[in-house]
Amino acid sequence: MHLYIALISLNKVFELILIYRYSLYTDIYTHSVWLHLSAHRAQCNQHGGTRSFCTTSSHLATATIVMSRLAVVFGGSRGIGRAVSQLLAQRGHRVVVLSRNKEAAQATAESLHGEKHLGLSCDVSKEENVQKAFETISKTCGTVGYLVNAAGINRDALLLRSKSEDMLSVLHTNLLGSILTCRGALRSMLSHGGAIVNIGSVVGVKGNSGQCVYSASKAGLEGFTCSLAKEVATRNIQVNLVAPGFIRTDMTAGLEKEEAVRRIPLGRFGEPAEVAQAVLFLLESPYITGQVLLVDGGLQLAS
Ligand SMILES: NC(=O)c1ccc[n+]([C@@H]2O[C@H](COP(=O)([O-])OP(=O)(O)OC[C@H]3O[C@@H](n4cnc5c(N)ncnc54)[C@H](OP(=O)(O)O)[C@@H]3O)[C@@H](O)[C@H]2O)c1
């Protein structure tokens, strides 16, 4: 009997430590963990009084699943970013959706599962825009747990025909933009940890005729991702890159599909939701950092 009481008390102490540790994240998170622990405890009680045998590791595993964080998705209004926002919201995270078009960002935020999502306007290629966005986020939403950089443009053309202003737009949006947003988010993540996923491209890994500048921006993002992963690993921040192939979004709407599909081993374009799955996997994987994950239907295997 004494042993039974001692085990119950020990279990309670572990629960309180766990709740205290995770309260370092957000209020929502603490609330979720608390609710989940309560539910889990009730479940344990139901199973013939086996509560004292519930290990803290089983609590920890369960708690990790329901962890709710503030997720910031640049380029979240359409395409891949929108699919990422939808998946994050379905997982119980609060999402801030950003794009240049404020109405589109707000419309996406309002359409997400759950409450308290926010839509903001931000042009990632403009430093002061990014700075202002993070000021608003920290004032109104709190600490950033996840950052996804899905804002991107293409201005495909053979190099000899590329205009300088197009080159600058692509580099400023795809490469500098993500660098600026990472810097903005890090200020918030340094004390509590976090995870970042940048969206690169298979073209950044393999190259493609007619996409010299675009592929340079994406290859640059890969180098940046690996370097930043090393720089912030001791702060418990993971930085990874998802490199999609052909995905069915506005960006690829004008492409000659039949010719492109012939080059894809899986024989079809990917869906934004399929990229979002990979993004979520990396955000939620605490022991993966500095990785490039290709989500391309095997395109990188084709010559
Ligand atoms: N689709 C593909 O096949 C494919 C393949 C490989 C990689 N990618 C990469 O995946 C990412 C998402 O592409 P997607 O296909 O989803 O494109 P998309 O449907 O055209 O969506 C692009 C998103 O980025 C936002 N955006 C563009 N420029 C921005 C800027 N300067 N500041 C803030 N937001 C900006 C857009 O909103 P606003 O226009 O309102 O700003 C929109 O929300 C891009 O980085 C792209 O390079 C796509």
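**Notes on helix packing, the ligand shell and selected loops**

1. The axes of helix 7 (residues 164-189) and helix 9 (residues 212-232) cross at roughly 15° and come within 8 Å. Axes are lines fitted to C-alpha atoms, for helices over the stretch in contact, with angles from 0 to 180 degrees between N-to-C directions. The crossing of helix 7 and helix 9 is right-handed, that is, the near helix is turned clockwise from the far one by less than a right angle.

2. The contact between these two helices involves, among others, Met167, Val170, Leu171 and Asn174 of helix 7 and Val213, Tyr214, Ser217 and Lys218 of helix 9. Residues are in contact if their C-beta atoms, placed from the backbone, lie within 7 Å. By class, the residues of the contact of helix 7 with helix 9 are 13 nonpolar, 4 polar and 1 charged. Here Ala, Val, Leu, Ile, Met, Phe, Trp, Tyr, Cys and Pro count as nonpolar, Asp, Glu, Lys and Arg as charged, and the others, Gly among them, as polar.

3. The model is predicted: local features need pLDDT of at least 70 and side-chain atom pairs count only at pLDDT 80 or more, while totals for chains, interfaces and linings use all residues. Residues are numbered from 1 along each chain as its sequence is written.

4. Helix 7 also packs with helix 6 (residues 127-140), at an angle of about 25° and with the axes 9 Å apart. That makes helix 6 roughly parallel to helix 7. The crossing of helix 6 with helix 7 is right-handed. The contact is made by Glu127, Val130, Gln131, Phe134 and Ser138 of helix 6 with Leu180, Thr181, Gly184 and Ser188 of helix 7. The residues of this contact divide into 3 nonpolar, 5 polar and 1 charged.

5. The ligand is surrounded by 31 residues, of which Gly75, Gly79, Arg100, Gly152 and Thr249 are the closest; a residue counts as near if its C-beta atom, placed from the backbone, lies within 6 Å. Helix 4 (79-90) and helix 7 each contribute at least two residues to the shell. The shell comprises 13 nonpolar, 14 polar and 4 charged residues.

6. The protein has 11 helices and 7 strands, taken as DSSP runs numbered from the N terminus (helices: H or I, at least four residues; strands: E, at least two).

7. Which backbone angles deserve a second look? Lys116 has a positive phi of about 70°, and Asn236 one of about 65°, although neither is a glycine. Most residues other than glycine have a negative phi. Lys116 lies in the loop between helix 5 (102-111) and strand 3 (118-121), and Asn236 in the loop between helix 9 and strand 6 (237-244). Lys116 is partly exposed, with 14 other C-beta atoms within 10 Å; Asn236 is partly exposed, with 15.

8. Tyr287 lies in the loop between helix 11 (272-283) and strand 7 (292-295). Tyr287 counts as exposed because it has 5 C-beta neighbours inside 10 Å. Tyr287 and Gln238 are 49 residues apart in sequence and 7.9 Å apart in space, C-alpha to C-alpha.

How values were computed
A residue is buried if 20 or more other C-beta atoms lie within 10 Å of its own, exposed if 12 or fewer, and partly exposed in between; C-beta atoms are placed from the backbone. Angles under 35 degrees count as roughly parallel, over 145 as roughly antiparallel, 65 to 115 as roughly perpendicular and the rest as oblique.
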